[in-house]
Amino acid sequence: VAKQATPSLPVAGAPFTYALTVSNTGVIAATGVVVTDAVPTGAAYITGGVESGNVVTWSNLTVPLGSSTQVTFSVSACQVVTNTSYRVAGSAQGVGSTMGAAVTTAFVTPTIGLTFTQSVTEVGVYQPVYFTGTVETDGSQEMAWQWDLGDGYIGVGNTISHEYHNDGSFVATLMVTDACGFTQSASRVVAIVAPQVAMHKSGPAQAQAGEPLTYTLLVTNTSRYNELTHVVVTDTLPDFISGGHATPAASTAITANGTITWSLAPIPLGMSSSITLVVTATRPLTNGTPITNTAQVSADYGASDWSSASTTVQATPILTITQIAPALVQPGTSLTYTIRYTNTGSGNALGVVVTDVLPSNISGGYAIPMPTSGAILAGQVITWERPAVPGDGGADWVRLVVTVSSPLNNGTLLT
């Protein structure tokens, strides 16, 4: 009996065939021939003959005189195997054979072609991505599949699905291992996009002190994939406002330097939600006072944005001045003038300067407070540089005490 492997250099893990040839060199035909072959250590039986206890048997064969008969069986193996236990175990004529010559079979490394597809190359957080692997090999068809999806998740099987919880680029890698331990891997990049939100706050460029300011807060879902959920708008109110109202209603009172919030309903892709906020500019204010109002929005998965609106307050101071003095005075005595000025406008008066042209027929004196410039003498001009005067009734005064010249004609007028 002789034996050979086909192919002579098989692929590790792939089926190959042992062919056993029984030749009859006797003088009569051999009948009832029984051939046995032990499956080599390291090989796995697939088909051919009758296998039992890792021994393959062919029975009731006939080998004509001067001819031969061939039997086959298939196995697979991962590494070099040697077969020494095959023979003709017997025949009707009582003839058998010794063990055949050892047959050693080596193997070549399999070629494993691996690819996989993903349902999308870019998607939003918490949205499913489906992965499907495909393998072609000339070796073992038995494969173990393992996925590393780049965010710490490990999966098995040739098809899986996964949701990424953070944005970024993730490298998904599939590795297959065949029954012989040979591996192949393939990788692809998955882009995960976080939700995006835009906040736009608008208001008037200018406003009058004491008048309403209307702000519009527009929140837009600029995401490519995700609906915005748990949307919270926060507005930190500026100085120089008092009271107001909002639509929809805010969660807290509207006061200067206060913080108000709104919880909005989910916003679908490409859609917006708006808030109207009305406050009143404080009166009085200094003309040109800026009022800056900043709002911010946040939503699930880190979406956020902010926006500011600035308004310049227009305010006008209106100053009136009065001077009080006694109607009659004696020559050589003191004469007191009280100068009072009042701001009845909406704006604070800055850089206030009071000017007094002193009358003739006086000699010296003093002032409270002291003048900024000028001497207290007959016919001189004196000035006071005074602090700011608030609008809406703010007032201040200066006082001047002089001595009336003597002698003077009765009825002399001091102006």
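The conversation below takes up these topics in turn.

Q: Before we start, what kind of model is this?
A: This is a predicted model.

Q: How many disulfides does a search of the whole structure find?
A: The search finds 1 disulfide. Its partners are Cys 78 and Cys 180, with an S to S distance of 2.0 Å.

Q: Is that disulfide left-handed or right-handed, and why?
A: The torsion about the S-S bond of Cys 78 and Cys 180 is about -75°, so the disulfide is left-handed.

Q: Where do the two cysteines sit?
A: Cys 78 is in the loop between strand 7 (68-77) and strand 8 (81-83), and Cys 180 is in the loop between strand 17 (168-178) and strand 18 (183-193), so the pair ties together parts that are 102 residues apart in sequence.

Q: And Cys 180, buried or exposed?
A: Cys 180 has a relative accessibility of 18% and counts as buried. The cut-off matters here, because buried means under 20% relative accessible area.

Q: What does Val 231 touch, leaving out residues up to four places away in sequence?
A: Val 231 touches Val 219, Trp 262, Ser 263, Leu 264, Ala 265, Ile 267, Val 297, Ser 298 and Ala 299.

Q: How far apart are Gln 70 and Val 231?
A: From C-alpha to C-alpha, Gln 70 and Val 231 are 80 Å apart in space, and they are 161 residues apart in sequence. Gln 70 itself belongs to strand 7. Not counting residues up to four places away in sequence, Gln 70 touches Ala 19, Leu 20 and Thr 21.

Q: New topic, then: how many salt bridges does a search of the whole structure find?
A: The search finds 5 salt bridges. One of them pairs Lys 3 with Asp 37, the closest N and O atoms being 2.6 Å apart. Lys 3 is in strand 1 (residues 2-6) and Asp 37 in strand 3 (residues 30-38), so the pair ties together parts that are 34 residues apart in sequence.

Q: Are Lys 3 and Asp 37 buried or exposed?
A: Lys 3 is buried, at a relative accessible area of 10%. Asp 37 counts as buried too, at 0% relative accessibility.

Q: What about Lys 201 and its salt bridge?
A: Lys 201 forms a salt bridge with Asp 235, and the closest N and O atoms are 2.4 Å apart. Lys 201 lies in strand 19 and Asp 235 in strand 22, so the pair ties together parts that are 34 residues apart in sequence. Lys 201 counts as buried at 3% relative accessibility, and Asp 235 counts as buried at 0%.

Q: And which residue pairs with Glu 122?
A: Glu 122 forms a salt bridge with Arg 224, with the closest N and O atoms 3.1 Å apart. This pair links distant parts of the chain, 102 residues apart: Glu 122 is in strand 12 (residues 122-124), and Arg 224 is in the loop between strand 21 and strand 22. Glu 122 is partly exposed, with a relative accessible area of 27%, and Arg 224 is partly exposed at 46%.

Q: Now the surface: which residues form a nonpolar patch there?
A: Val 27, Ile 28 and Leu 65 form such a patch, with about 320 Å² of accessible area together. Leu 65 is in the loop between strand 6 (55-63) and strand 7, and at 46% relative accessibility Leu 65 counts as partly exposed.

Q: Last one: where does Thr 41 lie?
A: Thr 41 is in the loop between strand 3 and strand 4 (43-47). At 75% relative accessibility, Thr 41 counts as exposed. Thr 41 and Ala 77 are 36 residues apart in sequence and 9.1 Å apart in space, C-alpha to C-alpha.

Definitions and conventions: Residues numbered from 1 in each chain as written. Predicted model: local features only at pLDDT ≥ 70, side-chain atom pairs only at ≥ 80, totals over all residues. Heavy atoms only, no water. Disulfide = S-S within 2.5 Å. Helix = DSSP H or I, 4+ residues; strand = E, 2+ residues; numbered from the N terminus. Buried < 20%, exposed > 50% of the residue type's maximum accessible area, 1.4 Å probe, protein only. Contact = heavy atoms within 4.5 Å. Patch = residues over 30% accessible without salt bridge, like charges linked within 9 Å, V, L, I, M, F, W, Y side chains within 5 Å. Areas by Shrake-Rupley, 256 points an atom, 1.4 Å probe, with all protein chains shown as cover. Salt bridge = Lys/Arg side-chain N within 4 Å of Asp/Glu carboxyl O.
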